[in-house]
Amino acid sequence: MYVGADCGTQSTKVVVVDPEYGRILGEGSRPHELIEGANGRREQDPEAWMTAFIEALGDAIAQAGIDPKAIRAIGISGQQHGLVALDRDGQPVHPAKLWCDTETARHNSQLVEQLGGEDGCIERLGLVLQTGYTASKLAWLREIHPEAYQRIDSILLPHDYLNFRLTGDKVAEAGDASGTGYFDTRTRQWREDVFNLIAPELDPARVLPRLIDSREPAGTVTPEMAQRLGLAENVLVASGGGDNMMGAIGTGNIQPGLVTVSLGTSGTVYAYSSDPVVSDSAMVANFCASSDGWLPLACTMNVTSATTLVRQLFGLDLTAFGDRMAQAPIGAEGVTVLPFFNGERVPMLPHATASFIGLDNLNTTQANLCRAVVEGATFGLRYGLEHLGDLAQGASQIRLIGGGARSPVWRQIVADVLGAEVICPRINEAAALGAAIQAAWCHGQAEGNGPTLAQLCDQLVSLDDSTLTRPETQSRTAYETVYRRYRTALEERYGVTA
């Protein structure tokens with residue numbers, strides 16, 4: 001048996017997988033509390049992640065009805081970019097600053113300038129630094145909380161931190177490390193010269209975790225942790241990776257020709273590439289895959305985070321929200337939403353705020369506002385998909401994951417707006433599943449006789465034919481007009497033309 005866990009923004013999800021029979025035996029989930037403040041501050045207590053993991057694992061094991069000592073390996077997926085700075089005792093010197101934190105926008109701009117602008121970033125890193133990457137968070141901590149900064153002994157990402165708590169070892173792998181801002185995504189190595197610009201008082205050879213290959217184990221569960229979790233001795237912990245990298249594995253997106261779109265708290269669009277894709281567009285991040293190859297990716301900050309705000313404003317549950325959305329026509333009778341409640345990354349607008357445009361006394365209805373915010377979030381994903389260029393245009397199918405993918409109405413909107421066939425995997429928790437698959441892969445590599453990653457994906461990733469959604473010609477044509485209206489609003493509000 002293998003365990004996969006996804007430590008996301010809102011919760012930690014855990015699955016127990018039996019690859020021999022190709023199915024999930026049990027699932028568990030526990031929520032996290034988000035610490036929010038002025039200027040885009042968004043943080044979490046790393047200890048809350050560990051507590052959520054332990055409790056969700058207990059639920060998944062109970063649902064599976066298995067002896068926990070049958071578990072052979074664990075894989076961890078984590079939200080990307082978070083700064084987990086630890087002191088010499090392994091305790092956080094400050095709450096973890098998250099991917100969606102925009103309080104560090106000024107620091108990011110300064111770092112981009114120090115590196116010689118976008119061209120300098122691409123030359124050193126293979127991508128352009130974005131607000132939300134780990135680098136600007138470290139620069140922020142150095143300036144705003146120097147007393148905490150001075151106590152730093154090691155720097156980890158969220159999934160690295162959970163691996164550390166399980167094994168006692170501090171390691172990192174290329175997929176998640178790609179989003180730090182001090183990692184060369186082409187050579188898969190730390191850029192110590194860039195790190196020294198950000199944190200000149202810290203020795204990168206000491207504070208940065210040791211890099212391992214994605215197929216290597218991060219270590220084994222410590223005896224103390226094994227006893228606490230009821231596990232056998234020497235349970236392997238896989239390298240793990242960022243949630244997007246694990247989501248790629250969990251949707252079978254490990255070879256060219258597929259695109260994965262996530263309708264999660266944030267939105268992501270990514271496709272596998274056998275070679276680095278160093279784009280002249282700052283919108284596309286040349287991330288490494290947590291397998292072989294690369295995972296060029298565009299990320300929007302506001303998807304279900306935006307739709308949830310509108311849904312809760314009207315006091316609607318998910319079913320009622322879906323009903324309202326379905327009642328409104330395409331284009332929501334002229335209402336356009338730029339859903340930038342959390343600022344935005346694609347396009348690069350960290351200080352942007354949400355806008356509801358075109359409201360009048362006739363179209364200001366619950367139905368139109370619900371549909372318009374969903375359309376706005378989906379238009380952002382189309383904008384990101386366009387920046388992926390040929391890599392996305394050649395895709396045979398879009399695999400749709402995340403909470404929003406459960407809505408048939410939203411699936412149809414995605415198909416019509418993107419002009420492509422979409423389908424959902426049977427297991428929607430793709431990042432947790434991907435982590436479990438990677439755990440089985442790492443375990444097999446360690447044993448020397450295990451299946452390939454492709455074989456494991458064939459065994460465990462299956463598609464739900466009932467969710468297959470094709471674009472409707474008339475609706476697709478209508479959305480071309482509505483999308484142009486969205487792009488006009490982007491240009492008028494923020495000067496975004498490309």
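Two strands count as paired if DSSP finds at least two bridges between them. Strands (E, at least two residues) and helices (H or I, at least four) are DSSP runs, numbered from the N terminus. This is a predicted model, where local features need pLDDT of at least 70 and side-chain atom pairs count only at pLDDT 80 or more, while totals for chains, interfaces and linings use all residues. Residues are numbered from 1 along each chain as its sequence is written, and side-chain values use heavy atoms, with hydrogens and water left out.

**Stop one: the sheet.** Find the open sheet of seven strands, ordered β19-β20-β18-β17-β23-β24-β25 with mixed pairing. Select 285–288 (β19) and 463–469 (β25): these are the edge strands, each pairing on one side only. From one strand to the next, the twist averages 30° (axes are lines fitted to C-alpha atoms, for helices over the stretch in contact; angles run from 0 to 180 degrees between N-to-C directions).

Now pick 258–263 (β17) and 267–271 (β18), an antiparallel pair joined by five bridges. Click Ser262: its bridge partner in β18 is Thr268.

**Stop two: the helix across.** Show 366–388, helix α14, which lies across β17, β18 and β20 (294–300) and runs at about 25° to β18.

**Stop three: the cores.** A nonpolar core is a set of buried (under 20% relative accessible area, 1.4 Å probe, protein chains only) Ala, Val, Leu, Ile, Met, Phe, Trp, Tyr and Cys residues joined through side-chain atoms within 4.5 Å. The largest has 73 residues, and Ile152 is among those with the most contacts inside it. Helix α17 (430–447) gives the largest share, 11 residues. Finally, a second, separate core of 53 residues includes Val284 and Leu316.

Note on methods: Contact means heavy atoms within 4.5 Å. Buried means under 20% relative accessible area, exposed over 50%, partly exposed in between (1.4 Å probe, protein chains only).
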